[in-house]
Every structure is written in structure tokens, then in C-alpha cells.
Amino acid sequence: MAAPFTLEQFTGVNNQTSADAMAPADLAACVNFDVNDAGGLVSRPGLESVWTGADAHSLHGHDGALFFRAADKLYRLAGGVAVVVDTGLDGSTCFASAPLGLFYSDGQRCRVYAGGAAAPWGLPPPSFSVNGAPGTSLVTAVYLRHGAESGAATPAAAGDTAVVDIPAHPEATHKAVYLSKPGGMGLYRAAVVPVGHGPITANASMATGPALETLHKTPPPGHEVSAIWNGRALVGAGRFLLYSDPFRFDLFDPLRQAVPFPSDVTLLVAVSPQALIVGTDSAIYRLTGADIGAASMSQIADFGAVRGAGVRVDSSVFPDAGQSVGVVFAAHGGFCFAGADGGAANLSGARFRPGRFISGSAAFSRKPGNHSVVFTIRK
């Protein structure tokens, strides 16, 4: 009979070394245990079921509640009760929390949950038609919702007097017409009416209101990663990082407010007011500066990040390593770290590699004596 085996200090699961060559503190597999800060194994407590419906995924904590997806619905779990807050969603969902609300996208639709209700994340520029004698004025239109204007489409040519027909939008409260002076380029507000109002007759003499500030602005496209940084909403759309106007999370300019990358953006984590970590399929970048519109960029790692599998952490995760605030994330070749100071490292690659997987998620668990990052991965 073999002598009992005691593991004094666990150094982690090792799938890169044969069982015969493993160190005494290594294990080839370890199921349902946590590792405390001293390196000891701690059995995980039992689980309490809070949801018994369709498979839950895309978890996110916001404003003291847990949000998650199941089937085509978004649920809010608080006080042990799960309530449907949105429907018609498809695929995994990314979230970005802000005081204005919870912003989310399933890769197709973009939505916001605020004030106990879900709504579209911004209003599209209205499609409009113009009638009247031809001329050299320019005309465009916007929707308003609670006083905030949508983007405006490319202006159309119009005469000194134009009849502008703007269709109603179910989320808008008002609509407005902007006109230029004959031969002029600047557009100014000429009329505001309730959203159900019919065609609007406006002439250049009425264009005495505020100047148009939302030309070519749109809500964000469907996306799979997002973040909030220094008063702007950020989304990863393919290989582009798009950013909103300051404190107007619904106004994006995909041509002028975009940062291109060589491959798809998979990770966005703000690690300080001066630093943003951007992961792509093939590399990790650090953007620095108070405003992303003028930020400088440097590549800090030549390995990429898997979509969704990253979380912001503080130095309590690395009490002896001198690490600053940063992000811990999963790559095919290991679990990695990128710091606000620009340092980056593969923490587990020599010992453990997850292998190829499609996407994932991560959460930072802060417990006395057991600070950890928990990952889920989808093969």
C-alpha cells in the first residue's frame, strides 16, 4: 500500500510536463479547489442554484445586481430573483458599466439598461426627404430624445425654403431641421417639432439656432468587446477600436473616431486614467494619454488575447511581484498580465496552456488570503 501523499505547497496545474518529470508541488489535474495566497489548496464551498432555466452565459455585475443572458433574454438577478429586462438578443453579450447605465451588445444590436428599462443605445440619423425649389442651401435633420440630439445624416441640397419630411421614430420625442444660408456650409437649427409632427416647412431666415454638432455621428455598430475610459465609450468592431464623443456614449464617428489595428480587437481594459490596454488576436498594445483622440500607442507583447477573457486587477493579486494595476487575460499560450506601466508577461505558459478556444470570460475574486482570477473558456 502506497504511503499517504501530502502536498505542502501547490504551485499549480502543469500540462506542459510529463507526469514522471513533475515537481512534487505540481499536479496534472486539480478539480474543485482554490489556491490560497500561501500556495495551499482549499476545497471550494458548495454551490447554490439561482437559475434553473436555459443555459446562462454572459455574466456581468452592475449597480449591485447580476445581469446574465439565457436564450434570447437578458436577466437581472437581485435578492435571489431573476427578472427579464430585455429580449430579442442573440449570441454572447459584452457589457460596459457607467453611471449613465449598463451598455451592452450581442454583436448585432446595441442596447442600454437605465432607469429600470432597456432601450436602443442611441438613435440613428433620420432618413428624410426634401421638397421645394432647388437652391444652394443645405438641409439635414436629427431626432431628439430627452433633449439630446441624434447624429445627422449627410446634408441634402435645398432652396431658400424647404419642406422636410422626417419619419417618426418610436424612441424619439422630437425632431429638428438644420439649414444653411444660401451658399453657406454651416448648418443651424431652424425648427424643432414633436416627433409625430408632419412635414416641416423651414427657410434660411429661420436658421438662427445652435450650430449642428452631430454631423455623420451614429450609434455604435454591433460589437463583442467594450469599455468606458475617461468619459468615452469604446467598442471593438473588427480590427478597429471606435470611440464615442466625450460623455455622449451614443455618438460615434466611424471614420474620424477610430483606431486601426492589424487584427481583430479582442480586449479593452482601462487600467488607469492614463493607460488603456488593447488586446488583439495577435498582440497586446498600450494606449497612453488623457484623451484617446490624441493617445500614443505602443505594442507591449507579441501574443494576443482571446475575446472576452480578461479582467482588471490590482496589485493584491501579485503581492510579491511589484506589479501595478493591470489586466489578467487568457491567451492560447497561457494566462497573461499587462500592467498600466507597460509591463507584460505570460504568467503560466511554461507550466500551463489552455490551448485553442473561441472566447471566454474572467472575474477578479478578492478574498482574504485568496485573491484570484477565475476564467471560463469556450472551446
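I began with Asp245 and looked up what it touches, taking contact as heavy atoms within 4.5 Å. Leaving aside neighbours within four places in sequence, I found Asp245 in contact with Lys217, Gly231, Arg232, Leu251 and Gln257. A reminder to myself: this is a predicted model, where local features need pLDDT of at least 70 and side-chain atom pairs count only at pLDDT 80 or more, while totals for chains, interfaces and linings use all residues. Residues are numbered from 1 along each chain as its sequence is written, and side-chain values use heavy atoms, with hydrogens and water left out.

Is Asp245 buried or exposed? I use buried for under 20% relative accessible area, exposed for over 50% and partly exposed in between, with a 1.4 Å probe and protein chains only. Asp245 counts as buried because its relative accessibility is 13%.

Asp245 is found in strand S23. Strands here are DSSP runs of E with at least two residues, and helices are runs of H or I with at least four, numbered from the N terminus. S23 covers residues 240-245, and five of its six residues are buried.

Which strands pair with S23? I count two strands as paired if DSSP finds at least two bridges between them.
- S22 (residues 232-237) runs antiparallel to S23, joined by four bridges; Gly236 stands opposite Leu241.
- S25 (residues 258-260) pairs with S23 in the antiparallel sense over three bridges, and Phe240 faces Pro260 there.
- S24 (residues 248-252) is antiparallel to S23 too, over two bridges, with Asp245 opposite Arg248.

I then checked the turns. S22 and S23 make a hairpin with two residues between them, and Gly238 in that turn has a positive phi of about 60 degrees. S23 and S24 also form a hairpin with two residues between them; in this turn Phe247 has a positive phi of about 60 degrees.

**A sheet of four strands**

Next I followed an open sheet with the order S5-S6-S7-S8 and antiparallel pairing. Strand S5 (56-62) and strand S8 (81-86) each have a single partner strand, so one side of each is left without a neighbour in the sheet. Neighbouring strands of this sheet are turned by 30 degrees against each other on average, direction ignored.

**Nonpolar cores**

A nonpolar core is a set of buried Ala, Val, Leu, Ile, Met, Phe, Trp, Tyr and Cys residues joined through side-chain atoms within 4.5 Å. The largest has 19 residues, and Ile200 is one of those that touch the most other members. Not counting residues up to four places away in sequence, Ile200 touches Ala162, Val163, Val164, Ile166, Val177, Ala191 and Val193. A second, separate core of 16 residues includes Leu234, Leu241, Leu268 and Ile292.

**Cysteines**

How many disulfides are there? With a disulfide taken as a pair of cysteine sulfur atoms within 2.5 Å, the count is zero.

Notes. Axes are lines fitted to C-alpha atoms, for helices over the stretch in contact, and angles run from 0 to 180 degrees between N-to-C directions.
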